[in-house]
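Student: I have a model open and want to go through it piece by piece. Can we start with a loop and work outwards?

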Protein chains: 6
Amino acid sequence: MTDNISRAKILSDALPNIQQYKDKVIVVKYGGNAMTDDSLKDAVMSDIVLLSLIGIRIVLVHGGGPEINEMLHKIGKESRFVNGLRYTDNETMDIVQMSLCGKVNKDLVSLLGLHGGEGIGLCGLDGGLLTAEQLSDDLGLVGKITKVNPRPIVTALENGYIPVISTVAGGENGEAFNINADTAAAAIAYSMKAENLILMTDTIGLLKDIDDKDSLIHTVRLSGVPLLKSDGVIKGGMLPKVDCCVEAVRRGVKKANIIDGRLPHSILIELLTNEGAGTMFIQ
Amino acid sequence: MTDNISRAKILSDALPNIQQYKDKVIVVKYGGNAMTDDSLKDAVMSDIVLLSLIGIRIVLVHGGGPEINEMLHKIGKESRFVNGLRYTDNETMDIVQMSLCGKVNKDLVSLLGLHGGEGIGLCGLDGGLLTAEQLSDDLGLVGKITKVNPRPIVTALENGYIPVISTVAGGENGEAFNINADTAAAAIAYSMKAENLILMTDTIGLLKDIDDKDSLIHTVRLSGVPLLKSDGVIKGGMLPKVDCCVEAVRRGVKKANIIDGRLPHSILIELLTNEGAGTMFIQ
Amino acid sequence: MTDNISRAKILSDALPNIQQYKDKVIVVKYGGNAMTDDSLKDAVMSDIVLLSLIGIRIVLVHGGGPEINEMLHKIGKESRFVNGLRYTDNETMDIVQMSLCGKVNKDLVSLLGLHGGEGIGLCGLDGGLLTAEQLSDDLGLVGKITKVNPRPIVTALENGYIPVISTVAGGENGEAFNINADTAAAAIAYSMKAENLILMTDTIGLLKDIDDKDSLIHTVRLSGVPLLKSDGVIKGGMLPKVDCCVEAVRRGVKKANIIDGRLPHSILIELLTNEGAGTMFIQ
Amino acid sequence: MTDNISRAKILSDALPNIQQYKDKVIVVKYGGNAMTDDSLKDAVMSDIVLLSLIGIRIVLVHGGGPEINEMLHKIGKESRFVNGLRYTDNETMDIVQMSLCGKVNKDLVSLLGLHGGEGIGLCGLDGGLLTAEQLSDDLGLVGKITKVNPRPIVTALENGYIPVISTVAGGENGEAFNINADTAAAAIAYSMKAENLILMTDTIGLLKDIDDKDSLIHTVRLSGVPLLKSDGVIKGGMLPKVDCCVEAVRRGVKKANIIDGRLPHSILIELLTNEGAGTMFIQ
Amino acid sequence: MTDNISRAKILSDALPNIQQYKDKVIVVKYGGNAMTDDSLKDAVMSDIVLLSLIGIRIVLVHGGGPEINEMLHKIGKESRFVNGLRYTDNETMDIVQMSLCGKVNKDLVSLLGLHGGEGIGLCGLDGGLLTAEQLSDDLGLVGKITKVNPRPIVTALENGYIPVISTVAGGENGEAFNINADTAAAAIAYSMKAENLILMTDTIGLLKDIDDKDSLIHTVRLSGVPLLKSDGVIKGGMLPKVDCCVEAVRRGVKKANIIDGRLPHSILIELLTNEGAGTMFIQ
Amino acid sequence: MTDNISRAKILSDALPNIQQYKDKVIVVKYGGNAMTDDSLKDAVMSDIVLLSLIGIRIVLVHGGGPEINEMLHKIGKESRFVNGLRYTDNETMDIVQMSLCGKVNKDLVSLLGLHGGEGIGLCGLDGGLLTAEQLSDDLGLVGKITKVNPRPIVTALENGYIPVISTVAGGENGEAFNINADTAAAAIAYSMKAENLILMTDTIGLLKDIDDKDSLIHTVRLSGVPLLKSDGVIKGGMLPKVDCCVEAVRRGVKKANIIDGRLPHSILIELLTNEGAGTMFIQ
């Protein structure tokens, strides 16, 4: 019973956090280890269902690099790289669309169902959700979002469904574009005036000293970002992720979090405990 | 961080329980130590707000014996007892009504507010919620419920308020009757087809062996009650409480629980952990 | 039949008045003789139910001085007075809350029920209706309203209930404050953009010549108030009541009326006949 | 002021009657003197607006014999009579339709507007309200109702309009039929499960002794009608009116009243005073 | 089957037009040959029902000169003319009202019913739809619109009815005014922010060369109207119709069309084919 | 202009058909040539958008055999056949899911968008739309529908979206099953009480004499099916399609049509012209 008392106490302690997020939109970009490790995956799905159930309007945006690579490999497609970015020709785009919208997306919806939630799998083509144009001639069908129409997401949320979103967008002439998932999540977040944008990564967060795990920076104001860049604290793969966070907060999202997807239940830790789980960007 | 992982795990474990109670009506009869000990009181209020917040339709029914006694004492009123029950004359009834509806009820509403909830304090007179007739000539204005009209409670719930209810009922000619709070809670529960009726007591629950705290009976089927009575397991003050549970379950409430109000967060333990916190009566 | 024709004619004559007040909010401060004389009380309750029935959104705010005094007397509590105002210590505040919210309020709700109406008894603590702070250190728990949240009243009205309101307000730390009922009625009236604020008093209204009952002033513009004060027409107990009227009209209430509660059906006379029943304040 | 007190008392006395009819449908067949005398006409319009305003769902069905006759006379049309009933040829039907739907109906709507009400003038052709077939070959376009579709009336009522109805019905092939207004009012009343059907006539009601105005029969049960017919109390022009009342009550209307339209405000007398104004038929 | 393929192709070609008008308000002034020729009449009613069915909010405003003249003739009424306009005395106004509101209007409603639509026949008196004042002392009861209250039309549309409107308006004192139907249609169109105002005439439209049917002017900008007037292209009976179009477009209607009512299905041609059917006025 | 008149006449002729299908659910199984020929594909998409626009509740269910085969070929997967049916192992199922849900489905949604419609691409996994179990051990992940939950489809329709559905279903343990598209369309049709089930095929319909294109059987009653089977009129690939039609009609679908998808606009021909386009099955 003692154990139950502590358990109940912990539940009780979550009250102020739940009050804070009730009825708010939270956009989670799901990717990395949290998506490849089955046990982490289960924990994330369970967290999403729980948060949805207690009245938080969760939008799940996912990537799917490994699945795309696996399919490209299977069909023996070799990729051409331009400045380190993969050139997306028509065939590659078909594989991207099939892998993301057909496999990863629907598998996540199915998994949410096993945890008692009801997901609806959408991509940017559904209901005109994401419109894009070509980012650069050099990259083929890699797109840049020009418009977000959140009505399909809102319809899903208002009918009690958890929207799960693949980041394939539609062009003006009906072509499909491949969109970076972090960027898409940020755009969806600010177009819905979300309370939080949460990017799940395979890092602890921003570290003052890259070699010292205890040097985690918990909170960064937008005004502090340039210095962190020039100091080299924000660099490499973190650069585009931080830019997404900055853009989201600059355009109205209250908080943007880079959290460690390798921790089980990191979303719950971020949202329902007092310490949080990574680095938070605020105005 | 490790600690946060366990905390998140515990929150996550509550998922199936929350799914089970989502949108369900749960009537809590609040009384005893949980109402006189300030720290327990805070824990109960916090639990009620939490459960309400995550989508459970909580109805709080309260007693208030100590407050009534204190006021009767203050005005120097001596009570006449009939078969161990206090005869309720007009002056006593006024004190009952003032103490319950004016003091205890509104103080609870105020306390819910401090925990971030919005309560509405009602009694059986409001909106014709409880109608009663005299229980017995010998007891004066002690009443027996003849009709429950749950519309005032439903109106409060549908507008996001937590209904807090004093068990004073109205008679046909406008008189007020004093109603036993356990009985009123049971009547409200079955008139609202509640999922649970929870009676907070100052006991662990039903014990097979009164001297052995580990002999708690976790679940009792209605069919098993007569034997437990004849065996003397159900006796004394437990008798009327068990009868309320039996009546509620017999008339459609899914589960009736006698829980130990002396444990902090006993309501959360009962509803959101797997072990429960006392004795449960089912069909 | 002739008699019925005159009766029907009188009903018919009320048409323009009913048209004028249809769907409007009217806040009635109920007190004085109209509340202590049983026959007047019955007439007021009947009027309130009638007005509610024909589509006027009636809000009943009540005082309860005599009941408070009776209880203070019963418990042998002696009051300390500061500049003629009673110092309200904790024990006194408890008695105020019990008498107003527990006794007077619920008895009025019960009486409305006998006349076929459905009342909901609220106080300023319910749903955060009235927030207050200390008026002055010298007066203890006498409060000054800092915020009115009319949602609990609106919820009651929209569900067909007549809200009956005790003027006890909540402080920031959960304490209760005693609020002057005229002031509270005025604050509720302007926060709800009421059409009328009606203060029931034990006077005919403002008299030009205090000794001449026929010198009633029917209408006063706000701009005329200072002169009436300097002329001594507004003085004594009328001063605070007139100030409530002035404040209400200044902040958007269309009309504020001081009417003679000693006349049976004075509210109907004011609202549904052409002559009105006392003194009216307008912009 | 004394006078105002009596006036208010009379308004107050109407409370139970208003409570009884609140939200109920009452179908009034308007005709006879009440329609030709301008002062009576004003009183009726005022009553209709008042009743509508206090929440009674009033449906006004009108005749218009005098106006039809005047137009037939103007165009020099001579009528052929069959068993005392006018044969309605196409030209006559056109005049009926023009007079009723174009003149009488819209003039009533206009008059309601002058009294502050909002009327919508409909006939049986609008929205398929009344469908009919030929009553008899001998009578041309005189019709018998085969179907009532109350949706156009309900739409008007739910949007706050007072429906005013001319009793011209549509046939299967688009032809128009002339319908007796009493019969149509009865059919509308039972198809809407009305509380009352009120037929305004130029008589006091049913008199036991035709020469004794004090011998008015206030209430007749359906079972008593045959005897009143065989005794000759119901005869002549009263016969079809009584048959309408009987049919309406038999098919679910609670009360059918034959009232004296020559009395000003006879509808108010019937509905809002205790004595009523004519003869009432009940189950 | 080949034929069916072409038929289906034609239906399919209408898609962009239907998309353009979906949920938009279109006010059609119906008159002239299209109203006197039975086969054209059937085609118009069928078009109206079709357009209503596919989600266009059609408002049908009609004239009725021939019917008025026929009735005036029947009663032997001679008209006095002032500057070529008929003086409308009370008797004439009665005939106008009867013919329009009672005969033409309800016959159209009936005809819509035969084509499977549900019409509601309204005039400017219903629900205060059109308010007017005297246009000139010299013309008697000819009126000028001072206010349009579209609520009765909107109520009909929202309940799935096709509103059919006679252009008789109410004056401040309850008198009725005769209103030019083109003018009324224009006023209704701009008060409802209509997409189109369509005036059905007995002309092809504006012809550059009156003798050359192929010289039809398809589109006129408001800025081009003065020149067309000074050039004599707009003259005679076209002048007031063009003025209605100009006024409507100036006050917010997107397009105003003068179409040839002598062509069967001219409304469908205008709205659902690419070429249109007459002259269109735009900003 | 003459041409426009014929065009308008054809639109007008569609009125009774549109009236018949307004607000009804029509499930279209899309496949075969109509899906591989780009021009036919455009025509189908345009038809679907048109029908949706005029108020018909269209549900588009699609197959995608060629796309699946192409992908299997690309990855060099060889299929094992059991009694002529392909054994669906996990890898094959992944390809099925990717091709159908990721490629075919989203491309159709995109194409609908180009024609001005708003599609939402769903599969049986979304919102628990289709639940299935294994059809036979011999076939691997080929499934048999055990439950249809139409809420995701209804949500899409009620929000103005055209639901496009891939027939992949979810099993109890989260596995995905491949479902025959005709069967799934039939199950969705009867679970939604559709008016029509339309199966697009590459045949004219049922021919009495297989060599005589003019021997098309237009209508078949369920009772006539056994004879047509024993006579060999229904055979081969037609057998399972007819069985789907029979099952749908037997369980409440009004009409099931096998139409010739090779004709442009065959859906419009079937629904909006009088002759229809293939063979119809009715009760």
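**Loops, sheet, core and interfaces**

Tutor: Begin with B:Asp23, which is exposed, with 8 other C-beta atoms within 10 Å. Keep in mind that this is a predicted model.

Student: Where does B:Asp23 sit in chain B?

Tutor: B:Asp23 is in the loop between helix H2 (15-21) and strand S1 (25-30) of chain B.

Student: And what is the phi of B:Asp23 near?

Tutor: Phi of B:Asp23 is near 70°, a positive value in a residue other than glycine. Most residues other than glycine have a negative phi.

Student: What about E:Asp23, buried or exposed?

Tutor: E:Asp23 is exposed, and 8 other C-beta atoms lie within 10 Å of it. Its place is the loop between helix H2 (15-21) and strand S1 (25-30) of chain E, and its phi is near 70°, again a positive value in a residue other than glycine.

Student: Which sense, parallel or antiparallel, does S14(B) have with strand S12?

Tutor: Parallel: strand S12 (residues 219-221) of chain B pairs with S14(B) over 3 bridges. Within that pairing, B:Val220 stands opposite B:Phe281.

Student: And with strand S13, parallel or antiparallel?

Tutor: Antiparallel, over 4 bridges, with S13 covering residues 255-260 of chain B. There, B:Asn257 has B:Met280 of S14(B) as its bridge partner.

Student: New topic, the core. Which residues touch the most other members of the largest nonpolar core?

Tutor: That core has 591 residues, and A:Leu197, B:Leu197, C:Leu197, D:Leu197, E:Leu197 and F:Leu197 touch the most other members. In soluble globular proteins, nonpolar side chains tend to be buried together.

Student: Take chain D. What is D:Leu197 in contact with, leaving aside neighbours within four places in sequence?

Tutor: Its contacts are D:Val27, D:Ala185, D:Ala186, D:Ala189, D:Cys245, D:Ala248, D:Val253 and D:Ala256.

Student: Now the interfaces. How many residues of chain D are in contact with chain E?

Tutor: 32 residues of chain D are in contact with 32 residues of chain E. On the chain D side, helix H6 (90-114), strand S5 (119-123) and helix H7 (151-158) give two or more residues. H6(D) supplies the largest share, 14 residues.

Student: What is the make-up of that side by class?

Tutor: The side of chain D that touches chain E has 13 nonpolar, 13 polar and 6 charged residues.

Student: Which rotation superposes chain D on chain E?

Tutor: A rotation of 180° with 0.0 Å of shift along its axis does it, at an RMSD of 0.1 Å. Among the residues of chain D, D:Gly102 comes closest to the rotation axis, its C-alpha being at 1.7 Å. The same surface serves both copies, as 100% of the contact residues of chain D recur in chain E.

Student: And how is chain F laid on chain A?

Tutor: By a turn of 180° and a shift of 0.0 Å along the axis, with an RMSD of 0.1 Å. That is the relation of a two-fold axis. F:Gly102 is the residue of chain F that comes closest to this axis, at 1.7 Å (C-alpha).

Student: Why do you say chains F and A meet through the same surface?

Tutor: Because 100% of the interface residues of chain F are also interface residues in chain A. The contact involves 32 residues of chain F and 32 residues of chain A. On the chain F side, H6(F) provides the largest share, 14 residues.

Methods. Residues numbered from 1 in each chain as written. Chains lettered and ligands numbered in written order. Predicted model: local features only at pLDDT ≥ 70, side-chain atom pairs only at ≥ 80, totals over all residues. Least-squares fit on C-alpha atoms with pLDDT ≥ 70 in both. Contact = placed C-beta atoms within 7 Å. Nonpolar A, V, L, I, M, F, W, Y, C, P; charged D, E, K, R; others polar. Core = buried A, V, L, I, M, F, W, Y, C linked by C-beta atoms within 7 Å. Buried ≥ 20, exposed ≤ 12 C-beta atoms within 10 Å, placed from the backbone. Pairing = 2+ DSSP bridges.
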